[in-house]
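Here is a short tour for anyone about to work with this model. Have the viewer open and follow along, topic by topic.

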Amino acid sequence: MNILQDSVTFLLSLGAAVFVPIIIIVAGLLVGMKVKDAISAGITLGVAFSGMTMLISYMTTAITPAAQAMSKTIGVNLPITDGGWTTMSTISWSWPWAFLMFPIAVGINILLIVLKQTETFNADLWNVWGKIFTAVAVYFITGQVWLAFVFAAIQTVFELKTADFHQHRVETMSGIPGVTITHRMVFLAAPMYPIDWLLRKIPALNKDFNAADLRDKVGIFAENHILGFILGILFGVLARFDIAATLSLGVQAATALTLFPVISKYFMQALEPISNAISEFMQKRFSDRQLFVGLDWPFLGGANEIWLAVIWTIPITLAFSFFLPGNEILPFAGIINVCIAVAAYFASKGNIIRMIIQCTIFAPVFLWVGTAFAPFMTQLANETHAIKLSDGQLISNSSIDAPIFTYALSHLALIARGSWLPLVVFVVWLACFVIYSRALIRERDADRAAAEAAA
């Protein structure tokens with residue numbers, strides 16, 4: 001058991017930029033890719049992950065001081081420290097039972113493939129910590145390790161099924177064949193979908209309007225570098241920076257928005273060969289099946305709509321944090337909230353106006369859930385000494401992935417204490433999930449029928 005724990009801990013300590021490429025290289029070799037092609041694809045994917053991580057870190061470092069300055073100007077007291085997803089991952093992996101989640105997740109994936117209950121091969125095993133995060137909450141509510149793993153297993157199944165349902169839309173919108181997204185962040189697209197359905201009833205909003213359309217309307221002001229510069233200047237002014245600092249922030253924001261699409265091209269370069277190899281491998285052995293590669297969200301980084309929504313959400317989330325009843329967390333490390341933007345991107349099919357509306361509506365949910373999870377994550381951090389906290393300090397994340405699903409599933413056990421809110425929230429989410437999934441399936445089938453008719 002210790003050998004298994006040490007092995008899993010070592011592999012995951014390598015980080016996504018090393019661990020995920022290893023998985024891709026091994027998978028490529030197993031499905032018959034040439035050694036040089038598999039290694040090339042894996043290393044290119046590592047470059048893409050590293051590049052995206054560097055850019056997000058660069059952007060966070062640039063924006064965070066402005067956010068802190070704005071909070072000081074308003075003078076609010078929010079006691080929960082926002083450690084971001086990296087801190088949450090570190091704390092989650094410090095749970096003594098965390099290492100078991102890796103083989104459980106892999107086992108469930110293999111079992112569902114064999115039983116023909118999923119068409120997704122999840123290569124995003126590094127993000128298994130998201131399931132541990134849910135399990136930690138369940139464990140601290142119930143004190144039962146086995147129940148924590150049951151709920152984490154349920155989340156694993158939902159991730160794979162969501163990846164199946166999303167695959168056609170992911171491929172259509174990203175342009176990368178044979179891939180899908182297995183990250184739980186897309187769970188938020190389910191409750192967004194009914195709102196998007198209502199928004200589409202408004203004539204002005206029921207049209208395709210992506211970043212390219214925005215560029216056609218406003219010209220150079222929608223170019224990534226110009227838009228980034230304008231937004232950076234706006235943040236600097238709101239933070240009351242001096243002229244030099246404001247201009248510097250403008251250039252930094254412009255740099256980030258300009259380079260995001262550049263980095264995304266490396267994901268396409270790395271993933272297309274492995275996707276094609278897996279498709280050919282499955283077609284030889286299962287003529288009626290096609291397996292898709294499940295990945296983390298960064299391969300979508302070339303979608304300018306996502307970054308426009310992310311930047312929009314920064315001041316919106318900050319404003320909500322200052323005045324939202326029940327919120328006790330100050331957005332800091334989680335201020336670059338990709339989770340909300342990616343979900344809105346799929347729910348709204350890239351319509352930037354509807355995405356912005358969705359992000360505005362759902363931004364408070366992240367703050368409430370971040371506040372709710374603070375006791376669990378603080379207790380685990382203190383017990384395991386995963387990170388050092390001062391006396392009385394609370395820690396959480398202002399951008400917890402799939403906040404509605406994660407809160408509802410992990411807190412279901414509170415029913416035994418007479419709290420029915422998590423069950424109500426979960427039932428509502430599940431109803432939205434069913435409705436949204438059926439819409440995705442109808443879209444896929446209609447597009448396939450149209451393609452067959454055209455052929």
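The protein has 16 helices and five strands, and please keep in mind that the model is predicted. Of its 455 residues, 55% count as buried. Among contacts between residues at least 6 apart in sequence, 81% join residues at least 24 apart.

**Helices H7 and H13**

- Helix H7 covers residues 145–174 and helix H13 covers residues 338–347; the two pack at an angle of about 95°, with their axes 11 Å apart.
- Angles of 65 to 115 degrees count as roughly perpendicular, and H7 and H13 are therefore roughly perpendicular to each other.
- On the H7 side, the contact is made by His166, Arg169, Val170 and Met173, while H13 brings in Tyr345, Phe346 and Ala347.
- Sorted by class, the contact of H7 with H13 has five nonpolar residues, one polar and one charged.

**Helix H16**

- The buried residues of H16 are Pro422, Phe426, Trp429, Cys432, Phe433, Tyr436, Ser437, Ala439, Leu440 and Glu443.
- These buried residues pack against H7, H8, H13 and helix H15 (403–410).

**Thr182**

- You will find Thr182 in the loop between strand E3 (179–181) and helix H8 (189–199).
- Thr182 has a relative accessible area of 3%, so the residue is buried.
- The side chains of Thr182 and Asn122 are joined by a polar contact of 2.8 Å.
- Leaving out residues up to four places away in sequence, Thr182 touches Thr120, Asn122, Asp124, Glu159, Ala163, Gly294 and Leu295.

**Asn397**

- Asn397 sits in the loop between strand E5 (394–396) and H15.
- Its relative accessibility is 2%, so Asn397 counts as buried.
- A polar atom of the Asn397 side chain lies 3.0 Å from the backbone nitrogen of Ser399.
- Not counting residues up to four places away in sequence, Asn397 touches Asp82, Gly84, Trp85, Met88, Ile329, Gly334, Phe366 and Gly370.

Note on methods. Residues numbered from 1 in each chain as written. Predicted model: local features only at pLDDT ≥ 70, side-chain atom pairs only at ≥ 80, totals over all residues. Heavy atoms only, no water. Axes fitted to C-alpha atoms, helices over the stretch in contact; angles between N-to-C directions. Helix = DSSP H or I, 4+ residues; strand = E, 2+ residues; numbered from the N terminus. Parallel < 35°, antiparallel > 145°, perpendicular 65-115°, else oblique. Contact = heavy atoms within 4.5 Å. Nonpolar A, V, L, I, M, F, W, Y, C, P; charged D, E, K, R; others polar. Buried < 20%, exposed > 50% of the residue type's maximum accessible area, 1.4 Å probe, protein only. Polar contact = N/O pair within 3.5 Å; in protein donor to acceptor, adjacent residues only side chain to side chain.
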